[in-house]
Number of protein chains: 2
Amino acid sequence: MGDEVVAVSELGRRAKAASRLLAKASTADKDAALLAGADCLETDADVILAANASDVARAEAAGTSAAVVDRLRLTRARIGAMAAGLRQVAALRDPVGEVTEGWTRPNGLAITKMRVPLGVVAIIYENRPNVTSDAFGLCAKSGNAAFLRGSSAALASNIAIAALLRRGLVASGLPADALVLVTDTSHETAAEFMGLRESIDCLIPRGGPALIASVLANARVPYVIDGDGNCHVYVDASADLDEALAIVVNAKTQRPSVCNAAESLVVHAAVADAFLPRVGEALVDVELVGDDRARGRIDGMGVATDEDFGKEFLDLKLSVAVVDSLDEAIDHVNRFGSGHTEAICTRDLAAAGRFTREVDAAAVIVNASTRFTDGEEFGFGAEIGISTQKLHARGPMGLRELTTLKYVVTGAGQIRG
Amino acid sequence: MGDEVVAVSELGRRAKAASRLLAKASTADKDAALLAGADCLETDADVILAANASDVARAEAAGTSAAVVDRLRLTRARIGAMAAGLRQVAALRDPVGEVTEGWTRPNGLAITKMRVPLGVVAIIYENRPNVTSDAFGLCAKSGNAAFLRGSSAALASNIAIAALLRRGLVASGLPADALVLVTDTSHETAAEFMGLRESIDCLIPRGGPALIASVLANARVPYVIDGDGNCHVYVDASADLDEALAIVVNAKTQRPSVCNAAESLVVHAAVADAFLPRVGEALVDVELVGDDRARGRIDGMGVATDEDFGKEFLDLKLSVAVVDSLDEAIDHVNRFGSGHTEAICTRDLAAAGRFTREVDAAAVIVNASTRFTDGEEFGFGAEIGISTQKLHARGPMGLRELTTLKYVVTGAGQIRG
């Protein structure tokens with residue numbers, strides 16, 4: 001990882017070669033590499049901090065916003081958290097080699113389905129340099145080479161972190177190229193990177209709508225989209241309104257900037273009079289926009305257009321709609337939702353059953369906050385993202401979602417008649 | 001399905017609307033539609049045969065090859081086989097609603113993972129009109145609307161078949177648009193079809209390399225590639241040579257035109273003298289090409305270039321390589337294979353273990369013919385194709401591979417702290 005610029009295709013070949021070795025590495029060796037990497041990060045934290053200081057100075061000189069600079073900035077505590085993350089992943093169960101199913105055919109062929117690494121997992125990400133460490137940890141534990149392309153703003157930080165993690169790999173007898181960082185972060189190489197079908201087995205973009213749009217337009221490699229969360233809470237006619245209010249407040253305000261925060265509230269007309277004024281009081285710091293029937297029940301509420309109903313605000317803003325039936329609620333959610341997380345508050349078993357069956361989303365939640373759609377909250381120990389697509393992985397992606405399955409068929413000379 | 005040409009985007013919207021209804025249809029209703037469709041095909045076989053006769057006449061007038069015309073031609077027996085296929089799929093277990101996993105979190109949240117339909121499954125296919133019926137059957141049983149685009153050569157046949165299957169849907173109370181056939185089969189609409197992200201949840205192309213290349217270049221919808229099968233049989237130093245010979249002959253000659261036929265033989269040097277002359281005798285009708293060491297052991301064998309080793313012949317032709325070790329065999333297979341099916345003949349447990357772990361393919365087979373990689377042979381009852389990609393589905397795709405998973409989370413008012 002010196003100063004020379006290596007062609008991105010050659011970097012891909014190096015990652016691919018390393019992936020063959022990593023795929024057959026033992027769990028013990030992979031864990032040792034993660035622990036050694038964690039130690040290297042802490043031991044040489046000063047090296048990372050110095051590199052990061054130059055990134056931060058460059059960003060500040062360029063007039064970057066304080067919020068973006070904060071995401072870029074590392075501290076000793078943040079480096080400690082990166083190391084702790086690697087140690088946490090090392091403690092998780094290795095998904096590789098898990099036999100998910102097995103059966104024997106009438107002709108005696110024994111068929112098993114076994115989890116194996118994908119190969120090379122490519123991640124494109126934005127300013128946070130901790131993703132370099134977090135993504136590497138999940139990829140390495142699941143037997144995949146990590147082929148990483150961060151932002152140019154974080155380049156010095158990423159180079160420093162990658163060099164230390166590669167040192168940890170080598171110390172554990174694994175190939176350094178199990179982590180390959182792309183250092184040419186020009187726009188021209190982005191499309192080339194997304195087109196490396198020979199090298200990349202799966203691309204996971206971690207970023208905003210512009211990055212996702214670029215992947216949809218330019219990627220020729222298989223990818224998993226971690227997309228928007230335009231999440232709804234639907235308060236049914238039979239909801240416990242105290243419980244529903246607590247869920248709406250939590251889903252909207254506990255952390256408004258994340259994808260599993262609620263962006264829209266849908267209320268059954270039968271409880272709108274009783275419920276909406278309480279929402280107005282509880283969410284006094286939240287900008288509310290709604291349809292005509294919602295606006296009639298909360299003073300000063302703005303008008304919600306279809307564009308508002310379709311939008312992930314990621315802010316203290318909530319769209320509100322009133323519906324006459326469960327059918328109308330389901331139609332509204334399916335029309336405006338982004339397929340991430342949709343919640344219903346109800347005491348009616350049939351309503352809960354219909355909502356969970358008929359709403360088309362990665363996660364459907366009955367009587368709890370949308371904020372629970374998360375790898376840690378689901379018990380996966382860590383997550384690489386939350387898929388909003390239907391193929392391969394849907395919802396929070398942990399180590400298992402970084403694997404594929406292979407059929408292993410064992411016979412005794414069978415031929416086909 | 002009249003004569004008017006409807007825009008492909010509007011057809012997509014119709015399929016999407018129907019998919020919402022089909023997703024919540026009962027197994028009994030879906031099965032009734034398949035059985036009714038099967039009856040319609042047989043009752044009105046004359047209508048199909050008349051339409052097909054016009055397709056065949058058009059193809060013959062255009063000088064189409066006899067082999068292609070044969071794929072296009074329907075007979076009463078072939079229509080009977082289509083109907084039987086629908087009845088067979090109706091008898092399979094419905095994958096929708098299967099709970100694949102479930103657990104409870106410390107906070108009491110109950111999480112289950114449930115199989116649900118993908119939504120709209122699009123299939124692009126070539127001349128065989130029976131795919132219209134076969135693909136519809138698998139899509140409908142798994143709760144998906146089928147959005148079908150066959151070739152222009154089979155258009156009249158496909159229109160007749162689709163109309164009858166739609167009649168079966170309506171007779172069973174399901175929406176006719178659970179099967180939507182694209183009747184504008186011009187080249188211009190192909191790219192538009194592959195770009196309908198609002199409508200298509202999964203595209204499965206069924207055709208040759210030109211179609212696959214077009215999908216890779218043009219598709220903006222999620223897809224599953226049913227690609228080449230450059231399948232190898234590796235005969236290890238410890239193989240039972242009688243058994244290995246039977247497997248090689250079966251894998252190469254039992255049906256050479258299909259993707260799970262063997263295209264390449266790799267032999268360990270320790271048994272090359274004993275084995276290769278027997279291969280030459282047993283495969284006297286097969287054109288053999290090989291590397292220098294193979295050619296020294298079989299008279300008259302041609303030279304195999306790297307291009308030959310990388311090629312799916314789909315014919316009575318086989319490439320042959322001699323290797324000095326299991327490592328070399330694995331490297332050769334991973335270099336030239338297409339990730340479909342790879343077999344080893346061995347009596348050595350460690351060799352079988354290493355081959356199955358380290359070879360990167362959808363199916364790895366020990367001591368049996370490569371021809372077994374098939375939905376029916378694996379026990380799935382039917383298959384929509386064989387995926388050579390790693391995401392979503394890998395290997396034979398049955399009904400389950402036409403579904404996605406949804407997290408259903410049930411709480412009692414939990415909010416996130």
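Which strands of chain B does α6(B) lie across, and at about what angle does it run to β4(B)? α6(B) lies across β3, β4, β5 and β6 of chain B, at about 155 degrees to β4(B).

The model is predicted: local features need pLDDT of at least 70, side-chain atom pairs count only at pLDDT 80 or more, and totals for chains, interfaces and linings use all residues. Residues are numbered from 1 along each chain as its sequence is written, while chains are lettered from A and ligands numbered from 1 in the order in which they are written.

**The sheet in chain B**

Helices (H or I, at least four residues) and strands (E, at least two) are DSSP runs, numbered from the N terminus. An open sheet of four strands has the order β5-β4-β3-β6 in chain B, with parallel pairing. Two strands pair if DSSP finds at least two bridges between them. β5 (179-181) and β6 (202-206) of chain B are the edge strands, each pairing on one side only. On average, neighbouring strands of this sheet are turned by 20 degrees against each other, direction ignored. Three bridges join β4 (residues 145-149) of chain B to β5(B) in the parallel sense, and B:Phe147 has B:Val180 of β5(B) as its bridge partner. Helix α1 (residues 8-23) of chain B lies across β3 (120-125), β4 and β5 of chain B, and runs at about 155 degrees to β4(B).

**Helix pairs in chain B**

Axes are lines fitted to C-alpha atoms, for helices over the stretch in contact, and angles run from 0 to 180 degrees between N-to-C directions. Two residues are in contact if their C-beta atoms, placed from the backbone, lie within 7 Å.

| Helix pair | Axes come within | Crossing angle |
|---|---|---|
| α2(B) (27-43) and α6(B) (130-141) | 9 Å | roughly 165 degrees |
| α10(B) and α11(B) (269-282) | 11 Å | roughly 40 degrees |

The angle makes α2(B) roughly antiparallel to α6(B), and that of the other pair makes α10(B) oblique to α11(B). Angles under 35 degrees count as roughly parallel, over 145 as roughly antiparallel, 65 to 115 as roughly perpendicular and the rest as oblique.

From α2(B), B:Lys30, B:Ala33, B:Leu34 and B:Leu41 make the contact with B:Ser133, B:Gly137, B:Ala140 and B:Lys141 of α6(B). By class, these residues are four nonpolar, two polar and two charged. Ala, Val, Leu, Ile, Met, Phe, Trp, Tyr, Cys and Pro count as nonpolar, Asp, Glu, Lys and Arg as charged, and the others, Gly among them, as polar. In the contact of α10(B) with α11(B), 10 residues are nonpolar, none polar and one charged.

**The two chains**

In the interface, 50 residues of chain B are in contact with 50 residues of chain A. Elements of chain B that give two or more residues to this side are α10 (241-253), α15 (349-358), β13 (363-368) and β16 (403-414). The largest share, 11 residues, comes from β16(B). The side of chain B that touches chain A has 24 nonpolar, 14 polar and 12 charged residues. The copies meet through the same surface, because 100% of the interface residues of chain B are also interface residues in chain A. β13 (residues 363-368) of chain A runs parallel to β16(B), joined by five bridges, and A:Ile365 stands opposite B:Val409.
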